[in-house]
Amino acid sequence: LGLRVRWVEVPFDGSWALAGEEGAVDLVATNVAPSPQRRAEAVGAAFSDPFMYERRALRVREADAGRYATICDFGGERVGAVRGMNAEIDLRRRVQTHAPAVSVVATDTFPELYELFHRGGLAAVAQAEYYAIDGSVIPSSPPGIVLVDHHDLVPGQREECAFVVRGASRGLLEAVNEFIATTAFPVAGELGKRDG
């Protein structure tokens, strides 16, 4: 396509709408699961084919893994997530339903979230385990961190991740889908490097 890339760092919450009618960006690459609500908010944009999928999980310190198996084990503790992500939505729903004594903490970015976690301000981070489309696990946890309480956001349904493409960017959606079809994910390095 002969395009020049200019990266724009944005908060996750609402990022899918940036490729909409206003056209703030041509492509959103924030690991978006294309829920019906997000599709409705991204007017004028299209979602690519899925490039990977996720299962919800809680990331805890390896030393604490024996203490925690599910969200119910975190009573009186603080658990964090990035604002607007499915991890936060899922965490709040599960805390309300199963573990009301858990305090939910939301940050705007992963660096903020993991700084709080590493300082001891959180017992766990709600995030995900990442999988290639073929079902193989994509390693994403740094040493000393383990995942507990694996579950689907919607029981029995894969939570797929896609790129969001501005509709007016001619040929870009097709090029992105071709890239997905011919590329193994993750593309470079492990996803967890951005997490902490």
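In which segment is leucine 3 found? Leucine 3 is found in the segment before strand 1, where strands (E, at least two residues) and helices (H or I, at least four residues) are DSSP runs numbered from the N terminus. The structure is a predicted model, in which local features need pLDDT of at least 70 and side-chain atom pairs count only at pLDDT 80 or more, while totals for chains, interfaces and linings use all residues. Residues are numbered from 1 along each chain as its sequence is written, and side-chain values use heavy atoms, with hydrogens and water left out.

Leucine 3 counts as exposed because its relative accessibility is 61%; exposed denotes over 50% relative accessible area, buried under 20%, and partly exposed the range in between, with a 1.4 Å probe and protein chains only. Between leucine 3 and leucine 91 there are 39 Å from C-alpha to C-alpha, for a sequence separation of 88 residues. Another pair, leucine 172 and leucine 27, is 145 residues apart along the chain, and the C-alpha atoms of these two are separated by 8.5 Å. Leucine 172 belongs to helix 4 (residues 172-182) and counts as buried because its relative accessibility is 11%.

The nonpolar interior was examined next. A nonpolar core is a set of buried Ala, Val, Leu, Ile, Met, Phe, Trp, Tyr and Cys residues joined through side-chain atoms within 4.5 Å. The largest such core has 21 residues, and those with the most contacts inside it are Val32, Phe47, Leu113, Leu122 and Val164. Two or more residues of this core come from each of strand 1 (27-32), helix 3 (110-118) and strand 9 (159-166), with helix 3 giving the largest share, five residues. A second, separate core has 16 residues, among them Val79, Ala87, Leu91 and Val95.

Valine 32 touches Phe12, Ser15, Trp16, Arg38, Phe47, Glu160, Cys161, Ala162 and Val164, when residues up to four places away in sequence are not counted; contact here means heavy atoms within 4.5 Å. Cysteine 161, one of these neighbours, is buried because its relative accessible area is 0%. Cysteine 72, in turn, is partly exposed because its relative accessible area is 46%. The structure holds zero disulfides, a disulfide being a pair of cysteine sulfur atoms within 2.5 Å.

Helix 2 (residues 86-98) is the place of arginine 94. Helix 2 has 13 residues and reaches 17 Å from its first C-alpha to its last, close to the expected 18 Å at 1.5 Å a residue; the expected span is 1.5 Å times one less than the number of residues. The buried residues in helix 2 are Asn86, Ala87, Glu88, Asp90, Leu91, Arg94 and Val95. An α-helix has 3.6 residues a turn, so residues three or four places apart point the same way.

Arginine 94 counts as buried because its relative accessibility is 14%. Apart from neighbours within four places in sequence, arginine 94 is in contact with Ile71, Ala99, Asp149 and His151. The side chains of arginine 94 and aspartate 149 are joined by a polar contact of 2.7 Å. Such a contact is a pair of N or O atoms within 3.5 Å; within protein, one must be able to donate a hydrogen and the other to accept it, and residues adjacent in sequence count only if both atoms are side-chain atoms.

Aspartate 149 lies in strand 8 (residues 145-151) and counts as buried because its relative accessibility is 10%. Strand 8 is mostly covered, with five of its seven residues buried. Strand 3 (residues 52-61) and strand 8 run antiparallel and are joined by five bridges, pairing being assigned if DSSP finds at least two bridges between two strands. Histidine 151 in strand 8 is the bridge partner of arginine 56.

Strand 4 (residues 78-82) is also mostly covered, four of its five residues being buried. With strand 5 (residues 103-107), strand 4 pairs in the parallel sense over five bridges. The bridge partner of glycine 80 in strand 5 is valine 105.

Backbone geometry was also considered. Most residues other than glycine have a negative phi, and most peptide bonds are trans. Aspartate 149, although not a glycine, has a positive phi of about 60 degrees. Asparagine 31, likewise not a glycine, has a positive phi of about 65 degrees. Asparagine 31 is found in strand 1 and counts as buried because its relative accessibility is 13%.
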